[in-house]
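Let's take a walk through this one together. Have the sequence and the model open side by side, and we'll go from stop to stop.

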Amino acid sequence: MRRYDFIVVGGGAAGFAAAVRLSELTQGEGSIAMVNSGKIGGTCVNVGCVPSKYLIEAAKQYYESRHSRFDGVDVMGASLDFGRLMDGLRRLVDSMRSEKYEKVLDHYNIELVGGKASFKSSETLMVEDGGRVEEIAGRIFLVATGSAPLIPKIEGLDSIPYLTTDNIWGLRELPDSLLVIGGGAIGLELGQAFSRLGSKVTIVEALDRVLPVAEPEVSEILGDVLRKEGINILTKSRVSRLRRKGEAVEAEILSHKGSERLTFDKVLIAVGRRPNTSSLNLERIGVELDKRGFIKVDEFMRTSNPRVYAAGDVVSKKLMLETLSAREGVVAAENMAGRKATMDYSSVPVVTFTEPQAAWVGLTEEEVVEKYHACSCRVVRFTDVPKALITGYTDGVIKIVIEPGSHRVLGVHALSHHAAEYIVAAAHLIRAGQTIEDLLDTIHVFPTFAEAMKLAAIAFKRPLKAMPCCME
Ligand code: NAD
């Protein structure tokens, strides 16, 4: 039987970050195996961030070729070959998987064991690959098997060929109409991208606003922007039944309008993700799961079995993000190698890559009120941000939440163009325990979207409306 110091189960963001760190910490001396079934690289590169951001960027270029932001600039409108666009997307995914994952394994001397793993005991894994089963032994394990699309119970769903982020990248023709079930990160990002490319998109969201995890100011304006672009958004709504109608799908939708039947070319399911834990035999080795099947871990990323760590989407927590998974992988690796590291979730930047982008870090107003029983915040619209006026991207808002006594910045919530690029500056502020005075003392760049953070800080001190552009 092959034996290893460390066995990492799962070859996605968390697994790779952990395996590379383990190799560094043991200076290449530790024996490390990575067990992975299917394509290497996990969700992000194969079916998540990489293909979705490619499609979003292409859709933006196409959309902007038809919608001018400047008087006197008349746009002619680009043409679209959706099949070629998707070929390009798949080429990028293949090349990034090869460059950023496959080749990395050799560099760090990580042995890839192909197949599906399940625990036989706390020391032994069974790896099944095409009917062949091999047992391998390890001293310490990391479970980083990720997540898969959650499929809701909807009458008739089993009888239609629905899309998820696992198979949507194989599309060769642009759907004329697309029903998106779920108005969260995936539903909004892909819904907007397909709408911008020319599909007639309807988004059905169960709660009272899209992106309900964001601050209300952010999701309300985002909903308005998407509606203005032509997306049919139905909140407090649900799909009660689906059935095939020739090549198309008929959906019965319950909303404030009552019950209506609409027909779509394609249906995309985007109601969350479930953990890949069911076939690992974790109960056998005493690894505790929460009631949705996610693995419970402590701050060291250790499970209830001291020999088994877990990281990434498979872990019970609030957020599923590529960079967060990688950080958890690194923290797990440090502890697996006998060092001490802990996970800090207080300043994790979160971005939904719609246009404008919703980006936030730290606590919401409601969380601050709950924690400190008092809160102070300022909300600034992008119609007051010079860069937004200059570029025509005025749909947006920024909100800063502070602790009233100390003025410490506790949360920054933005909806703006390029918000993903500057939200990490807010994460630094929060991590360093800085105040709005620290933010005000920092010279910003005029004109930028990032300057909105400074303007929101100024709004705590004086009225923004009665201020020149370049007030320091
Ligand atoms: P999500 O949890 O972000 O959103 C799902 C939405 O569907 C919620 O708003 C929920 O209220 C709604 N919903 C649930 N059941 C429903 C039903 N039956 N009918 C209608 N609406 C329903 O999940 P997601 O969008 O599938 O994304 C999955 C995970 O991937 C999330 O954790 C997300 O944060 C992550 N992700 C991150 C990014 C990013 O970082 N940019 C992008 C995509 C996905």
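**A walk from the H11–H12 loop**

Pro 447 sits in the loop between H11 and H12, where helices (H or I, at least four residues) and strands (E, at least two) are DSSP runs numbered from the N terminus. The peptide bond from Phe 446 to Pro 447 is cis, with omega near -10°. Before going on, keep in mind that this is a predicted model, in which local features need pLDDT of at least 70 and side-chain atom pairs count only at pLDDT 80 or more, while totals for chains, interfaces and linings use all residues. Residues are numbered from 1 along each chain as its sequence is written, and side-chain values use heavy atoms, with hydrogens and water left out.

The loop between H11 and H12 also holds Phe 449, which is linked to Tyr 393 in the loop between H9 and S20, 56 residues apart.

Next comes helix H12 itself, residues 451-458, where eight of eight residues are buried. Among them are Glu 451 and Lys 454. What covers these buried residues includes strands S19 (376-381), S20 (397-402) and S21 (409-416), along with helices H9 (386-391), H10 (419-431) and H11 (436-441).

H10 turns up again at the second largest pocket, where H7 (322-336) and H10 each supply at least two lining residues. H7 gives the most, with six. The space in this pocket comes to about 440 Å³. Of its 17 lining residues, the closest to the centre are Arg 327, Asp 344, Ser 347, Val 348 and Arg 431. (On a 1 Å grid over the protein atoms alone, a pocket is an open set of points where a 1.4 Å probe fits, with protein on both sides within 12 Å along at least five of seven lines; lining residues have an atom within 4 Å of a point. Grid points are joined across faces, edges and corners, and the volume is the space filled by probe spheres set on them.) Domain 1 (2-149 + 274-336) and domain 3 (350-466) each put at least three residues into the lining; these bounds come from an automatic or database domain assignment.

How many aromatic pairs does the structure hold? There are five. In one of them, the rings of Phe 119 and Phe 141 have centres 5.1 Å apart and planes at 70°, so this pair is edge-to-face. Phe 119 lies in strand S4 (116-119) and Phe 141 in strand S6 (132-143), so the pair ties together parts 22 residues apart in sequence. Phe 119 is buried at 0% relative accessibility, and Phe 141 is buried with a relative accessible area of 0%.

Another cis peptide bond runs from Glu 355 to Pro 356, with omega near 0°; Pro 356 is in the loop between S17 (350-352) and S18 (357-362). His 373, in the loop between H8 (365-372) and S19, has a positive phi near 60° despite not being glycine. His 373 is exposed, at 69% relative accessible area.

Conventions:
Buried means under 20% relative accessible area, exposed over 50%, partly exposed in between (1.4 Å probe, protein chains only). Contact means heavy atoms within 4.5 Å. Rings of Phe, Tyr and Trp (its six-membered ring) pair if their centres lie within 6.5 Å; planes under 30 degrees apart count as stacked, over 60 as edge-to-face and the rest as tilted.
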